[in-house]
Amino acid sequence: MPDALTRHIDTVIAVGSGALAVRAPEPESLFHKSWARCMTQHGLDPTRPTPARILPSAAVREHRQRMEGFLRVARSGMEDMYRRVADLGYMLLLTDADGIAVDYIGNPAMEPQLKRAGLYIGADWNEAHAGTCGVGTCLIERTTITCHREEHFDATHISLTCTSSPLYAPDGELLGVLDVSALKSPDARDSQHLVWHLTTMYAQMIEDANFLRSFGHCWILRLGRTRGMVEVSGELMLAFDEDGIVVGANTGARRQFWQTLQGGRDAAGLIGTPLTELLDISPNVLWGLARGHSAPEVATRFPHHGHRFFPSVIAPRTRAGSVLRMPPPHSVMVEEARPVLGALDRLAEDDPLMQQLIHQAKRLVDSGVALLIQGETGAGKEVLAKALHEHSRRASKPFVAVNCASIPESLIESELFGYTPGTFTGGRSKGMKGLIAQSDGGTLFLDEIGDMPLHLQTRLLRVLSESEVLPLGADKPVPVTLNVIAATHRDLREAIERGAFREDLYYRLCGAALRLPPLRERRDLGYLVRTLFQEEARRLDLQAAGLTSEALALLQAHRWPGNVRELRNVLRYALALSGGQPVTPAELPAEIVHAAAAPRAVTVAPAAAATGPETACDDQGQRLLQALRRHKWSITAAAQELGLCRATVYRQMKRYGITPPNQL
Ligand SMILES: Nc1ncnc2c1ncn2[C@@H]1O[C@H](COP(=O)(O)OP(=O)(O)OP(=O)(O)O)[C@@H](O)[C@H]1O
């Protein structure tokens, strides 16, 4: 045996067995640990060099089948990398998480030598078999490592230099290793420095390409430290859905937020979190970027190290459908595949009135025509105004909403116009920028405009005509770029006739009227139920919850005097009661259940001392009613007799419209 081999074996035995205590810095210490592991845990003998173990092609096929989609992506990355390193004598291996080489690119003229050295498809580079090596030790250490020449355990490998980088799936699971090896190399370890960086970079590129493949149907926020490079090499990527909720994170983002969200939140905690909670980016800016508006001034800072990151947004590759989450058994609805839609399109599904309104809104939003939204309370006027803003060219500028009915008359003037220092005793010492000036360049939403006092209507008219605002106490007006969207549930023409609203202001505000239909007229109630249900479920962290078909039918039959706001409240209430179980009629408010159940249940006369399913809605209802009567309306006793818990008795009473006599 040549001297070099004998010397290597002696060193490995001395260090690996602990006979020679060497205090070495990393990465040397890392290999010493691995040598010890090979001898004590894997039972490998350094005096017995082991030939490369190459799996038969059927076994390799099996390993490859487990990661087919990823293999295609990784292959493109490997081909690109190989073009850069082939001339330097390197070859590439891709292994799975067991250390089995599932792909390979090398010089065909060198194939016999590469195969002999195990640098070939099907080779097993798991540390337990091959000893300390690039792939095997990288799988354990989970970081890019170069295993250079005598750092290998097995004496047959000591001419090799191998640099290996781990590859992760978007969910953080280890997929395998990218390995760049050469049969021969200079003695100096430093000679591999650039290869180390190149391997790390290509591993990240392969992971990111795989991330983009997996989340191609979503919006993706890329964040990079270099403003001009973010679009091509943003290090952090967060996939998000049309509500701005994170649905996936690449390795860079998981690492970053792992550090930022210390205090118990792990990387998995990112999923389901609104982007605006993670980053100081407003939804408006985000959707502005999503529509391709560049925002060079936008940057976000990470609190724990203060680095600035510049954002860019990639639109979904396919517009058809986002992630489909299956409803739990026996519930009809949780989430359906939905197209990734813009803010206006998300307002409605196939309701003809809403579709007409959305079509109109898209044409008008950037036309300079003043828009007046009309609709009943709770019909979604503010939601429509926000969607108009988000759809507009002004989306990255502020959206400022003012409810003219809820601000006390004494304050509305200063709130709207602002004031200079010293204008009021008790006012802010620096004065205050009014809401009109705050909306400069963005959208000022004046809700309940019909409730604005007459003298302020006059001032507002002046602001609108002159595009400048005069704060209280100021002697010089401030120029503003004003885009007003007004809304009202009142009949403004009637208010004009009464002298309560200025006609000239009306024409100024109402270049075009958008009429929001009340909920009872909408034909896409199912869509709204789904949308609001998901939003509320997310808020309560009950994403798995569903809605039974009975409950859905009751919701669809209701008249909804309180419009979308009422619907949202009902769903919030039902979800809170359901505790994550599918929502049944028992969790819906009594008036909704009773209204629908009225034709089925016959109410008995008060003389019978209760209302109930006298005409036998079904046997269960009858049994319940009789038990309650027997026990003089003691819920506890009836529950005991029927073997039910009290909550179930209450739920069944609600379902069958049974009301105790003292509540009639
Ligand atoms: N298209 C929609 N999608 C989701 N939620 C909606 C939609 N329209 C309305 N909502 C919800 O309904 C509720 C009332 O909406 P909004 O405040 O916009 O109504 P409004 O007409 O401005 O009410 P008000 O007349 O009281 O000012 C809010 O909770 C809002 O989130």
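**Ground rules.** I number residues from 1 along each chain as its sequence is written. As the model is predicted, I take local features at pLDDT of at least 70 and side-chain atom pairs at pLDDT 80 or more, while totals for chains, interfaces and linings use all residues.

**Confidence.** I looked up pLDDT, the predictor's confidence in each residue, from 0 to 100. The protein chain averages 82, and 84% of the residues score at least 70. Residues 318-339 stay under 50, with 46 contacts beyond four places in sequence (C-beta atoms, placed from the backbone, within 7 Å). Residues 262-267 also stay under 50, with six such contacts. For the complex I noted an ipTM of 0.97 and a pTM of 0.48.

**Ligand.** The shell has 16 residues, and the closest are Thr377, Gly380, Lys381, Glu382 and Val564. At least two shell residues come from each of α14 (381-391), α20 (525-539) and α22 (563-578); helices are DSSP runs of H or I, at least four residues, and strands of E, at least two, numbered from the N terminus. Domain 3 (352-516) and domain 4 (520-597) both contribute to the shell, so the ligand lies between them; the bounds come from an automatic or database domain assignment.

**Strands.** I found β3 (residues 145-148) antiparallel to β4 (residues 161-168), joined by four bridges; pairing needs at least two DSSP bridges. Cysteine 147 has cysteine 162 in β4 as its bridge partner.

Methods. Near = placed C-beta within 6 Å. Contact = placed C-beta atoms within 7 Å.
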